[in-house]
Amino acid sequence: MKKILVATEKPFAKAAIDQMAPVVKNAGCELVLLEKYTDKAQLLDAVKDVHAMIVRSDKVTREVIEAAPELKIVVRAGAGFDNLDLEACTEKGIVAMNTPGQNSNAVAELVLGMMVFMARNGYNGTAGTELRGKKIGIHAYGNVGHYVAEIAKGFGMEVYAFDPFVAKEKIEAAGIQPVDTVEELYTTCDYVSLHIPANEKTKQSINYELLNKMPKGGVLVNTARKEVIHEEELLKLMADRPDFKYISDIAPDCKADFEAKFEGRFFFTPKKMGAQTAEANINAGVAAAKQIIGFFETGDETFRVNK
């Protein structure tokens, strides 16, 4: 019997586990749960006899992989997968996957929710601004970007998108204005919503020069990864431009500088909150379980992210 481990330092929604369990059981596999663990040793012990893993933000490092001799597949329940050591997975013949699209609506709703919060000055009783008629730029038009665009259109915003990997015709068909360069996106839009991954090309790519192109009152919304922001240059921009605001669902390393210098011009959620809805947890968890079963039963590697 194949053993599938759900490993999470933070509690996985009970409703998600309840819906994952029958999927796994019906396939003749066993689902085991390691929840709220406080020591890496607990994880290393738990993986020693498992054939598959499902994780959220937990780090599947080379050490973890080497401690799991039976491991054949690991699935990150979510879109990002930078917490998986892909090189080590490949070396050990382990398939690594993510579950793209399952958290997209949850992240998109948070984007617009934080935008409204900032536009209304944190609901502090003073007059704010409206989103209707403002221009929003989607930096990377993937699953989340698609939902952000749809919700933004509902607010009456003008929506632009930059993504060199998506055909302009597809963007236009969704009623969105494609732009040719990232510089054009930032120059044009009052709000920019980031959805790029964190990799060698994108880390620290959101810098002073790019952000300074935004119009007066520009707002950057980051529900991607903090690593894509050049934090030192962002601080400089915030100091040079009292009109600029920054919103993120993950606090930067320089959070203390924001708190000391830029009150009212930023908002950070207490932890990464994009996928923190009951629906998103269920969708991603069930998708991960089904992908593992599909891999074991038919060799399906549709969402494989390593070579």
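Contact here means heavy atoms within 4.5 Å. The model is predicted: local features need pLDDT of at least 70, side-chain atom pairs count only at pLDDT 80 or more, and totals for chains, interfaces and linings use all residues. Residues are numbered from 1 along each chain as its sequence is written, and side-chain values use heavy atoms, with hydrogens and water left out.

**View 1. Tyr186 and the largest nonpolar core.** Leaving aside neighbours within four places in sequence, Tyr186 is in contact with His139, Val192, Leu194, Ile206, Leu210, Leu211, Lys213, Met214, Pro215 and Leu220. The largest nonpolar core has 31 residues. A nonpolar core is a set of buried Ala, Val, Leu, Ile, Met, Phe, Trp, Tyr and Cys residues joined through side-chain atoms within 4.5 Å. Buried means under 20% relative accessible area, exposed over 50%, and partly exposed in between (1.4 Å probe, protein chains only). Tyr186, Leu194, Ile206, Leu220 and Phe258 have the most contacts inside this core. Two or more residues each come from β7 (158-162), α8 (182-188), β9 (191-194), α9 (208-211), α10 (231-240) and β12 (266-268). Helices (H or I, at least four residues) and strands (E, at least two) are DSSP runs, numbered from the N terminus. The largest share, four residues, is from α10. Another core, of 28 residues, lies apart from this one; Met115, Val144, Val148 and Tyr191 are among its members.

**View 2. Glu183 in helix α8**. Glu183 counts as partly exposed because its relative accessible area is 38%. Beyond four places in sequence, Glu183 touches Leu210 and Lys213. Glu183 and Lys213 are 30 residues apart in sequence, yet 7.4 Å apart in space, C-alpha to C-alpha.

**View 3. The second largest pocket.** Its volume is about 210 Å³. On a 1 Å grid over the protein atoms alone, a pocket is an open set of points where a 1.4 Å probe fits, with protein on both sides within 12 Å along at least five of seven lines; lining residues have an atom within 4 Å of a point. Grid points are joined across faces, edges and corners, and a volume is the space filled by probe spheres set on the points. The pocket is lined by 13 residues, and the closest to its centre are Thr129, Tyr191, Gly217, Val219 and Lys245. The lining divides into five nonpolar, four polar and four charged residues. Ala, Val, Leu, Ile, Met, Phe, Trp, Tyr, Cys and Pro count as nonpolar, Asp, Glu, Lys and Arg as charged, and the others, Gly among them, as polar.

**View 4. Asn306 in the segment after α12 (278-298)**. Asn306 is buried, since its relative accessible area is 8%. A polar atom of its side chain lies 2.8 Å from the backbone oxygen of Ile94.

**View 5. Positive phi at Asn121 and Tyr123**. Most residues other than glycine have a negative phi. Asn121 has a phi near 55 degrees. Tyr123 has a phi of about 55 degrees. Asn121 sits in the loop between α5 (104-119) and β6 (135-139). Tyr123 is also placed between α5 and β6. Asn121 is partly exposed at 24% relative accessibility, whereas Tyr123 is exposed at 54%.

Definitions and conventions: Polar contact = N/O pair within 3.5 Å; in protein donor to acceptor, adjacent residues only side chain to side chain.
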